[in-house]
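Please consider the model shown here, beginning with a single chain and moving on to the contact between chains.

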Number of protein chains: 2
Amino acid sequence: MTTDPRTEPRREQLLNAADRVVQREGPSASMNAIAAEAGITKPILYRHFGDRNGLIGALTERHTAGLLAAVRAALNEPLERRDRVEHVLDVYLAAIESRPQVYRLLTHPEPGDPTGAGNALAPALRQIAEEITRAIQQQIDLGRDGPLLSETWGRSITGMVLAAGDWWLETRPCPRARMVQALADLLWGRLSAAADLPPMLAAPEA
Amino acid sequence: MTTDPRTEPRREQLLNAADRVVQREGPSASMNAIAAEAGITKPILYRHFGDRNGLIGALTERHTAGLLAAVRAALNEPLERRDRVEHVLDVYLAAIESRPQVYRLLTHPEPGDPTGAGNALAPALRQIAEEITRAIQQQIDLGRDGPLLSETWGRSITGMVLAAGDWWLETRPCPRARMVQALADLLWGRLSAAADLPPMLAAPEA
DNA sequence: CTGCGCTGTTACCTCCGGTAACATGGCGGC
DNA sequence: GCCGCCATGTTACCGGAGGTAACAGCGCAG
């Protein structure tokens, strides 16, 4: 397929260079910077990857594989449902924690990609969403609404964990385990189960 | 303050032009295009707004006000909790449905803003998240974990609705009311309450 | 009338993604 | 041995983005 035995090793080297640059400068690293890091000039990059999206795509595929496999495995662990969910959450948070720049690249698709522009979910995350959808469909009985609910929830949960994970990475408000609990609690309907608070008096002016 | 009575009317005109362009071309409209739409040239835009971020910032603030007010009002409706949540969801989905391009601008901050780069949540959405956090804190008794949970959940719910809303706008898998139900069901823990499905047989090789 | 502040212009800079055209060097077939 | 292929690499360029100087009219206070 794409693994031409003559071409592939150089491709790997170039991707390694790109990886280093992204690790250092974040996902908006320029093609010039990547070429320089690889010790060459731009046209070679374009020969190998077509355009910037091609490069970034190849770069993300590398890491996506790992993340996706980890999430998929977690989704199929033979655990109680709650424990399984917690495990999935923990796997995701551990991943973004270990290499933030890389996972920012995976989770925050940069610029003007005409491919379904304006999506909240990057390709890697769409794959995760699909994985969650599949898991729900296979594991949980939702009656006739199953297909719609599982698809909706797959996207929803992915977006929820994405936003929560970003915020957690930035502000580190608590250890990972506690974050896992907070998210699982939300999915477990604790928001609906908790007691009401008495309505506020007139708000104290500050 | 920023409302210089001499400068402000022109600002409004320019923002109107920018609005039209964004409505037509999406959030990645160029400064040249906006200037042309306003019948002028670039430097004037830069005099008024400093840089591109300034312009789109001013543009978003306009619309943010409306969306935020609507969400805030919905969060404080005197309804049963479930009805209130459904109402908030409906308000948000109705908003993004009515003017997708504008709300894409609000919800998908374009590119290389060094200001807290790589955030999942645009400024407008962060404000919504804070609003949700506040509502949870004021209305629901979560015990000692209240502060952490409400903050986490504010971000999480925002991200969840963002992702779900984007997907819904793209694929329109169901009417709005059904989407509202699906999301409320998720928050109400239906994922945890539903029955297990019998474990799959060996996967059929495809 | 003079000066100030806003309006507007043309022309330019820098940097980015992307491309054309050309030069080099190893390696298999004849 | 020689030839041609193909990947490697180069320099130089294009178009368009954001952004900035420098200059030209205009309206209105003093």
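Helices (H or I, at least four residues) and strands (E, at least two) are DSSP runs, numbered from the N terminus. The model is predicted, and local features need pLDDT of at least 70, side-chain atom pairs count only at pLDDT 80 or more, and totals for chains, interfaces and linings use all residues. Residues are numbered from 1 along each chain as its sequence is written, and chains are lettered from A and ligands numbered from 1 in the order in which they are written.

Chain A has ten helices and two strands, arranged along the sequence as α-α-α-α-α-α-α-β-α-α-α-β. Of its 206 residues, 35% are buried, that is, 20 or more other C-beta atoms, placed from the backbone, lie within 10 Å of the residue's own.

Contact between two residues is taken as C-beta atoms, placed from the backbone, within 7 Å. Chain B contributes 49 residues to the contact and chain A 50 residues. On the side of chain B that touches chain A, the largest share, 15 residues, comes from α8(B). The residues of that side comprise 27 nonpolar (Ala, Val, Leu, Ile, Met, Phe, Trp, Tyr, Cys and Pro), 13 polar (the others, Gly among them) and nine charged (Asp, Glu, Lys and Arg).

Strands also link the chains. Strand β2 of chain A, residues 195-196, pairs with β1(B) in the antiparallel sense over two bridges; pairing requires that DSSP find at least two bridges. Ile140(B) is the bridge partner of Asp196(A) in β1(B).

Leu89(B) is in contact with Val161(B), Val180(B), Leu183(B) and Ala184(B), leaving aside its neighbours within four places in sequence.

How values were computed:
A residue is buried if 20 or more other C-beta atoms lie within 10 Å of its own, exposed if 12 or fewer, and partly exposed in between; C-beta atoms are placed from the backbone.
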